[in-house]
Amino acid sequence: MAVSRRLVHHASFISAPDCVSSPHRRVRIELQMYDVEPDPFAGSDRFAIIRRIGQGGMGVVYEAYDHVREMTVAVKTIRGGDATALYRFKREFRSLSNITHRNLATLYELFADSTPWFFTMELVSGVTFLEHVRPSSTVDYTRLSAALAELATGLSELHARKKLHRDIKPSNVLVEAGGRVVVLDFGLVMDLEESSLGSFPERDLLGTLSYMAPEQVAGEELTEATDWYGVGGLLFQALTGRLPFEGEPRAIIDAKLSHDGPSPRHVNPDTPEPLERICVGLLRRDPDERASAREMLEGLGPRPLLLASSPRPL
């Protein structure tokens, strides 16, 4: 769940009520709508609840003061206690609790002996990736290049730890006032080893359809390239103000399974050539042909661009 003083959003997914054929199996992808009235969390002796930031399909995120750490944190609770929800909640925490990186939200502690279960994490104050790079009706290419480089760096670290995010989208990537980019909401995180069909732990495929890679839609093996496709969808939207594939869910699925993503220059002719090349490369239908993190960073140019990530004061 993305945590921000201005935004919290979670959309577990996902797609259309049709069956998508795969050479290996048939996968039913369903659109899940949540009307969440979560159980209230009143805090504890240690945690003083300041306010509820937002809610989603799994639970609620609060801003709270941690009297032990003597700092403000985000508290993410889980609604309900079915086995699947608890498994995902524990996996989210355990997968990221030992990873510390500038561009990944830091998780602190898991509390499984309380009702409801909850864990604490870094409270990130910022705006979404799209709000940052499109502060008006047009894109700020300097901000975009710098933010994209930071996003690539953070996601590369996650992949180096053999994890997949599986839900890269604008609301799960926040940018602080100083320009720091932070990837959040690891509710769908999975080990790369689990992505093989023989060990995949969940029958339903989860994510957000607009940013899902074709292999994710089709129920095939997932790799790092799956997350990079989501980055491509985010980049296309940043450059054009539109998604690469639009329409009814069934039409989007068919298009993803049949075609590479379009060039952003079809919508925005002023797109700089390096950004167009990166975007087109990330939206390749075949994951083996998709642009890699290294190709992204090389295409973005010198690392000092990061210093120009935002003109706003620290």
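An α-helix has 3.6 residues a turn, so residues three or four places apart point the same way. Glu-298 is exposed, its relative accessible area being 54%, and Arg-294 is exposed as well, at 64%; here exposed means over 50% relative accessible area, buried under 20%, and partly exposed in between, with a 1.4 Å probe and protein chains only. Helices (H or I, at least four residues) and strands (E, at least two) are DSSP runs, numbered from the N terminus.

Because the model is predicted, local features need pLDDT of at least 70 and side-chain atom pairs count only at pLDDT 80 or more, whereas totals for chains, interfaces and linings use all residues. Residues are numbered from 1 along each chain as its sequence is written, and side-chain values use heavy atoms, with hydrogens and water left out.

The structure holds 20 salt bridges, and another of them links Glu-215 to Arg-290, with 2.9 Å from N to O. Glu-215 lies in helix 4 (residues 214-217), while Arg-290 lies in the loop between helix 7 (273-282) and helix 8 (293-300), so this pair ties together parts that are 75 residues apart in sequence. Glu-215 is buried, with a relative accessible area of 3%, and Arg-290 is buried too, at 6%. A further salt bridge joins Glu-157 and Arg-161, whose closest N and O atoms are 3.1 Å apart; Arg-161 is partly exposed, with a relative accessible area of 35%. Salt bridges also link Arg-46, Asp-66, Arg-69 and Glu-109 in a network.

Turning to the strands, five of them form an open sheet in the order 3-4-5-7-6, with antiparallel pairing, where two strands pair if DSSP finds at least two bridges between them. Strand 3 (47-55) and strand 6 (107-111) are the edge strands, each of which pairs on one side only. From one strand to the next, the twist averages 25 degrees; axes are lines fitted to C-alpha atoms, for helices over the stretch in contact, and angles run from 0 to 180 degrees between N-to-C directions. Strand 6 and strand 7 (residues 118-121) run antiparallel and are joined by three bridges, and Leu-107 stands opposite Met-121 in strand 7. Helix 1 (residues 83-96) lies across strand 5 (71-77), strand 6 and strand 7, and runs at about 140 degrees to strand 6.

Helix 5 (residues 224-240) has 17 residues, which at 1.5 Å a residue should span 24 Å, and its end C-alpha atoms, 25 Å apart, agree with this; the expected span is 1.5 Å times one less than the number of residues. Helix 5 is mostly covered, with 16 of its 17 residues buried, and Gly-241, which follows helix 5, has a positive phi, near 80 degrees.

For the chain as a whole, there are eight helices and twelve strands, and buried residues make up 57% of its 314 residues.

Terms used:
Salt bridge = Lys/Arg side-chain N within 4 Å of Asp/Glu carboxyl O. Contact = heavy atoms within 4.5 Å.
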